[in-house]
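Work through the exercises below with the sequence and the model side by side. Each task is followed by its solution.

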Amino acid sequence: MNKSLSTLENHPHIWRAREQNQQEERFSLGFEQLDKALNGGVSTSGVVRIRTLTGIGELSLFKQVISKQRSHKLIVFINPPGHIQTPWLATFGIDAKQVLIVKPSSEKDSLWATEQCLKSTACHCVILWNSGVNTKEARRLQVAATHNDALCLLFTLPNTSIKHSSAALQTLPISLDLCLNYQHHALQVSVIKQRHGWPKDNIAIQNDWTPNNRAIKWALEHNKVKRHALHSVS
Amino acid sequence: MLWAYLYLHQITLDTHEKTNSSVSNSSKYETKNKIQPQGIGKTTNRHAQQDKSQTPPVIVYCEKTNRIVQRNNAALQHGIEIGHGLAQAAALCPKVCIIPFNKEDERLILVQLAHRLYPFVSDIVIDAHNGLAIRLDNLVHYYGGHKELWSTITHELSLSKVNYHYATAWSIEAARIMALNSTDQYQSDRDNIKHLLSQCSLSLTALDKKTKEALTRVGIAYVNQLLAMPVHELGRRFDNNTITYLTALRGETFPHVTLFRPAEHFEHFTLLPFDIENTQHLTPFMVKLLDYLAHYLRARNLQTSMLCFHIDFREHPSTHLEIKSALPQSTVDSWLSLLKLRIENEVLPEPAVSLMLRCDHFETIDGNSGDFFSNAFNEVAQKQLIGRLNAKLGEDCTFQPAASDTHQFEYMSIARASSNTPELPFTSDIVPTFLFDSPKPLTQSTQVCFGPVRLHSEWWHDASRKRDYFIAQTLHGVRMLIFKDEDSQWWAQGLFS
């Protein structure tokens, strides 16, 4: 009995929480707190699910990972929620030649396309928007991604998973499961599940992904001083 | 001169049985054609028909003459003979399978056979819808003997699985008569040929009916009698055509014939053995055609990036199925995977009767392209991926974005098929990640965090408009591109992710 248990313990797939210092290569996200919570960043291959609203800086969170790594390979956008703008890609630091946009007509086709892209070995990162995957589909994508050293970012809306509450509780066999929401003027990242690590809630990220009026405000303030001076002269 | 004449007496039937048998074991389409080459002097070239009892009786019926023109062994066992009418055949065997005879189809098959033989023999003449003549004397030198040459030809013919009668003689005309007489002997000696030719009946000659009758009336029934007649005697009684034919039969003139030249494109035609209603059943026949294409390409060291299937129907105009590959390919497997994806969603308007594969553009295989650097491999993988996605999802579903030369958000990004045109690199931090199909009225409460940016439309666009753009944030933290138009209406146009 004891012996059989020890052979089981020697199995390389069994991971113990005490083995924290994994020598696995990771892609840093560029946010100190988040990288710390994720043991250095997202793993270089596998599926990452992000439950988020569209437009709260969810892609900008992965800017470092998407644009800085494996730049000779393709970045595929599957079923994006709008027309992706080429100048934005340039601002984001991606060469438009390395981008492929796929718009399948059904969710089934988009999952098929995702799997093909991951399996092709030509892709650095496959970014998919859909309404959620089940365990079997997630497993397929995870295997395809890890075997071919590719990353799959899976964006789903948060409310869809609330609807199927049983599905929301169910954890998927993927590398990382994140949930994003915007509170207190900052993006809050919750790590629902990660491989070789502990979950962590509400990591506040200060991320400016759009231009703001600070420069104008600053200029106006300076202008005020000058105008004041001007007044005093006249 | 020495010519061989191949009389393919049941070419429609052979093709039918070939397509049938090749598809019945289509799962292993690589392992076919295991027929030993046949030597000189074998009397017939019929292959062993392994399961005679199991093959259904098949006849080829000519509608014009109401005659059975070809029949297989199973039909023969039922007593059906060539020359019977349809009613007689049906009475003898009610279950007989009937294929309509079509001269044009036979000619197409013959042309395909000529394509197949062309790499081995240079001078081929397509004589009729069922006859091929091959000039041998100029080839003997290259093959090092009659035996070697003939075994090469017969081997190729046995691979193409056709039944034929053959003969050799000093002219096409003489060889034809002997082949029609089922001589089936390879002779290069003049005396032997003369002996064999003399036994042939006069009815086999290509003389017109009137001349034949006139000759029979004076007791000439065999070719040797005809050839024994002095030419000037015949010349007095018969017209010029007869004399020309007779001199050709003697081999005294140089033949004026059009030699076969292979086409520059690849085209292969298959008659389907039965009407096929769905693409799933059509696939094995397509695989067969791809196999021919692969042989063709391999022999010429070529590859192709586009091929076209023509599917013919009885009434409906034929369907053209184009398959494109981002990367030129030559093997059956690589095309098959694309083909399967392409035809998955195809629906046939009515049952298909015949199938043709055509391929017009070829590329030579570049010997230097096969290097092992990861980037080169990556490019191949990318092209393969795009090819796969396009085949399954359609050409419009995948695209690579490109920038266009405008400041208006609506026209900034253009979808372009994957080709290499020079880029216009321009970056702008006020361009949103996603743009909606069309602006939506702004209904949520938002807070402006950047703006305004006033943009006028370009004068060459029809509608002139002036918009003040802002970046605004909703309560949930969603940042949107919004604008106020000239009527002070607020619209949302895009999202910043």
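**Exercise 1.** In what order do the six strands of the open sheet stand, and what is the pairing?

This is a predicted model: local features need pLDDT of at least 70, side-chain atom pairs count only at pLDDT 80 or more, and totals for chains, interfaces and linings use all residues. Residues are numbered from 1 along each chain as its sequence is written, while chains are lettered from A and ligands numbered from 1 in the order in which they are written.

Step 1. Read off the order: β5(A)-β15(B)-β19(B)-β18(B)-β17(B)-β16(B), with antiparallel pairing. Strands are DSSP runs (E, at least two residues), as helices are (H or I, at least four), numbered from the N terminus. Two strands pair if DSSP finds at least two bridges between them.

Step 2. Find the edges. β5 (83–84) of chain A and β16 (446–456) of chain B each have a single partner strand, so one side of each lacks a neighbour in the sheet.

Step 3. Cross the chain boundary. Two bridges pair β5(A) with β15(B). A:H83 stands opposite B:L435.

Step 4. β15 (434–441) and β19 (490–496) of chain B share four bridges. B:F434 has B:L495 as its bridge partner.

**Exercise 2.** Describe the side of chain A that touches chain B.

Step 1. Count contacts (C-beta atoms, placed from the backbone, within 7 Å). They link 44 residues of chain A with 44 of chain B.

Step 2. Name the top contributor. α4(A) gives the most, six residues.

Technical notes:
Contact = placed C-beta atoms within 7 Å.
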